[in-house]
Structure formats: structure tokens, C-alpha cells
Amino acid sequence: MPTVKYFAEKSCLSPNYFGNLIKKETGKTAQEYIQNKLIDTAKEWILSSEKTVSQIAFELGFQYSQHFNRLFKKNVGYTPNEFRKLQA
């Protein structure tokens, strides 16, 4: 999963400064913000593509699809496959 450090480097900022900016603008930690954006993107891809959950997880930067499944369920309340079936 992409980290705060990854996005900070892409923005040419230090991780601490990047985190402070995100917190100031959103009220969330940088990690929470990144996770929410990943989940939003995952929801779109789950509903609009025929890609497998594993393919989506890897494309979002997760090394293991199990980690993606846990994060998704923690945030959405359903596994990615359950979410796909419920929205069908």
C-alpha cells in the first residue's frame, strides 16, 4: 500500500510536513486520508470493471490482496466481493 512517505516524496515534501498539511486541510491523519482515497478508488473499480479483487489490490499498490481485503472490510463493512455482489 502506498505510504505517507511515498506521497510526500511525490509532492517533494517531508513526510512530517505532508502529514501536517493533510491534517490541517482534512482533519484526518495522512494515513487515514490515503486509506480513504484508496477505498474510494477501489469501490469505483470494483463496480465498474471485471477485474478480480486481487488485480485491483495489486494495482492499488498492495503487495498482498489479504491486506487489501482487511482494510476494505474495516472501512466499508463488507469484503470487496460482498460489496460487488450487493451492488449488482
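This is a predicted model: local features need pLDDT of at least 70, side-chain atom pairs count only at pLDDT 80 or more; totals for chains, interfaces and linings use all residues.

Reader: Why are the buried residues of helix 5 said to line one face of the helix?

Author: The residues in question are Ser-65, Phe-68, Leu-71 and Phe-72. Seen down the helix axis, these buried residues fall within an arc of 125°, and therefore they line one face of helix 5. The face turned away from this buried side carries the exposed residues Arg-70 and Lys-74.

Reader: Which helices do the buried residues of helix 5 pack against?

Author: The buried residues of helix 5 pack against helix 3, helix 4 (53-59) and helix 6 (80-87). Just after helix 5 comes Gly-77, which takes a positive phi of about 95°.

Reader: Why is Gln-35 called buried?

Author: Buried means under 20% relative accessible area. Gln-35 has a relative accessible area of 16%, and therefore it counts as buried. Gln-35 belongs to helix 3, which covers residues 30-48. Leaving aside residues up to four places away in sequence, Gln-35 touches Met-1 and Leu-71. Leu-71 is also one of the buried residues of helix 5.

Reader: What makes Phe-7 partly exposed?

Author: A residue is buried under 20% and exposed over 50%, with partly exposed in between. The relative accessibility of Phe-7 is 28%, so Phe-7 counts as partly exposed. Phe-7 is placed in helix 1, residues 4-10. Not counting residues up to four places away in sequence, Phe-7 touches Pro-2, Phe-18 and Ile-34.

Reader: What is the make-up of the protein in helices and strands, and what share of its residues counts as buried?

Author: There are six helices and zero strands in the protein, and the order from the N terminus is α-α-α-α-α-α. Of its 88 residues, 27% count as buried. The C-alpha trace spans about 40 × 25 × 20 Å along its principal axes.

Reader: How many positive and negative side chains does the protein have?

Author: The protein has 13 positive and 8 negative side chains, and the centres of the two sets lie 4 Å apart. Its accessible surface comes to about 6000 Å², and carbon and sulfur atoms make up 51% of that area.

Key. Residues are numbered from 1 along each chain as its sequence is written. Side-chain values use heavy atoms; hydrogens and water are left out. Helices (H or I, at least four residues) and strands (E, at least two) are DSSP runs, numbered from the N terminus. Buried means under 20% relative accessible area, exposed over 50%, partly exposed in between (1.4 Å probe, protein chains only). Accessible areas come from the Shrake-Rupley method with a 1.4 Å probe; for residues, only the protein chains shown count as cover. Lys and Arg count as positive and Asp and Glu as negative; His and the chain ends are not counted. The place of a charge is taken as NZ of Lys, CZ of Arg, CG of Asp or CD of Glu. Contact means heavy atoms within 4.5 Å. The arc is that of the directions from the helix axis to the C-beta atoms.
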